[in-house]
Amino acid sequence: MVVIPARNEEGNIGTAVRSLPSDSVIVVDDFSEDNTADEARAAGAGVLSAPPPLEGAIGKASACMEGARVLTSRWILFADADTRFEPGFLNAAIAAAEDGRVDFLSVYLKPEFQTLSESTVSPYGVALYFCGVDPRADPASAFNGQCVLVNRNAYEFVGGHKALLSHVCEDVKLAALAQRHRLRFAVMRAPRLGRVRICPDDFERNASRFIVVSFWMGARIAFLAAAWALWLPVLVLLVLRNQFAAAVAWVFVPSLFLGAWYGWARAILAPVGIYAILPHLFRGALGAVTNRHFEWKGRVI
């Protein structure tokens, strides 16, 4: 069974539900102010209302906890409302978990960018993200809550989402609990089996994630973002020194190095993305360092 926590996801939730097997999806409506619940029902999902979050709790964890509470299946998939799955995804994910004897499996889907803003900022943000995490060396830091498959018994043993209620990075905390209890968890790429929409605002929360999880991860990403931000000053310096051939070559450096993340058709947007993401990274890092609350989908967390 699948649990999708959803808050103000009208326009997304129906597609997510229809991409999964019929009668397999529970959508937990987290006090949406739009037609999320009606759209989910029309797509064939069962819909529950999330309980009011406890003081200090994050809404997503509360919604996931409510969805898991009513299920009895051996495996539970927690998925975000902006995910899309290909036929056979659930069987493939469960087979991978069972073959590897894994209790908690975080699945990375293919990033999807819909708007011009997303196409400009998000690919560069994804590249920075993977400069900060090393799934092989430290899979806990790479554990991503956008799409997580859990063995029900192991999930309940570590306390489920009830143990994650007050954590902004609930996915990393879940992996840490599994690690503490000597349960097996893993990270898997499945770009051909599903897609997930990546929005620029996601990187503000992820910036705080790297400060909270590991200072050195955050420092590494900050260093790389600062290094790439030197691209424009270097270009100006080359032009001022009349080194026009070098300047022309330098113009294409971001597109060449980041083209694999953007896709070559959009690689020309890379220089803009380098600077457009900086406010998101700065606000996220500042919020984590100062313990400042920030707004997420109309809720302060």
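1. By class, the lining of the largest cavity comes to 6 nonpolar, 2 polar and 3 charged residues. The classes are: Ala, Val, Leu, Ile, Met, Phe, Trp, Tyr, Cys and Pro as nonpolar, Asp, Glu, Lys and Arg as charged, and the others, Gly among them, as polar. Bear in mind that this is a predicted model: local features need pLDDT of at least 70, side-chain atom pairs count only at pLDDT 80 or more, and totals for chains, interfaces and linings use all residues. Residues are numbered from 1 along each chain as its sequence is written, and side-chain values use heavy atoms, with hydrogens and water left out.

2. How many cavities of 30 Å³ or more does the structure hold? There is 1, and the volume of the largest cavity is about 90 Å³. A cavity here is a set of points, on a 1 Å grid over the protein atoms alone, where a 1.4 Å probe fits but cannot get out; lining residues have an atom within 4 Å of a point. Grid points are joined across faces, edges and corners, and the volume is the space filled by probe spheres set on the points.

3. As for who lines the largest cavity, the residues are Lys-60, Cys-64, Phe-78, Phe-143, Gly-145, Val-148, His-161, Leu-164, Glu-170, Asp-171 and Leu-174. The elements giving two or more residues to that lining are α3 (59-69) and α8 (170-180), and α8 has the largest share, with 3 residues. Helices (H or I, at least four residues) and strands (E, at least two) are DSSP runs, numbered from the N terminus.

4. Now α4 (residues 89-99), where Phe-89, Leu-90, Ala-93 and Ala-97 are buried. They cover an arc of only 95° around the axis, so they sit on the same side of α4. Buried means under 20% relative accessible area, exposed over 50%, and partly exposed in between (1.4 Å probe, protein chains only); the arc is that of the directions from the helix axis to the C-beta atoms. Asn-91 and Asp-99, on the other side of α4, are exposed. An α-helix has 3.6 residues a turn, so residues three or four places apart point the same way.

5. What do the buried residues of α4 pack against? The partners are strands: β1 (2-6), β4 (75-79), β5 (83-85), β6 (104-108) and β8 (147-151). Contact means heavy atoms within 4.5 Å. Just after α4, Arg-101 takes a positive phi of about 55°.

6. Helix α11 (residues 231-240) buries Trp-231, Leu-235 and Leu-238. Seen down the axis of α11, these residues fall within an arc of 65°, so they line one face of the helix. Here the packing is against α10 (215-228), α12 (244-251), α13 (253-262) and α14 (270-276).

7. Asn-242, in the loop between α11 and α12, has a positive phi of about 60° although it is not a glycine. Asn-242 is exposed, with a relative accessible area of 54%. Asp-23, in the loop between α1 (13-18) and β2 (25-29), also has a positive phi, near 60°, and counts as exposed at 66% relative accessibility. Most residues other than glycine have a negative phi.

8. Leaving aside neighbours within four places in sequence, Arg-197 is in contact with Asn-12, Asp-82, Glu-112, Gln-114, Thr-115, Glu-118 and Asp-202.

9. One of those partners, Asp-202, belongs to helix α9 (residues 202-213) and counts as buried at 16% relative accessibility. Asp-202 and Gly-125 lie 77 residues apart in sequence and 9.2 Å apart in space, C-alpha to C-alpha.

10. Last, Arg-266 in the loop between α13 and α14. Arg-266 is partly exposed, with a relative accessible area of 30%. Not counting residues up to four places away in sequence, Arg-266 touches Phe-113 and Ser-119.

How values were computed
On a 1 Å grid over the protein atoms alone, a cavity is a set of points where a 1.4 Å probe fits but cannot get out, and a pocket is an open set with protein on both sides within 12 Å along at least five of seven lines; lining residues have an atom within 4 Å of a point.
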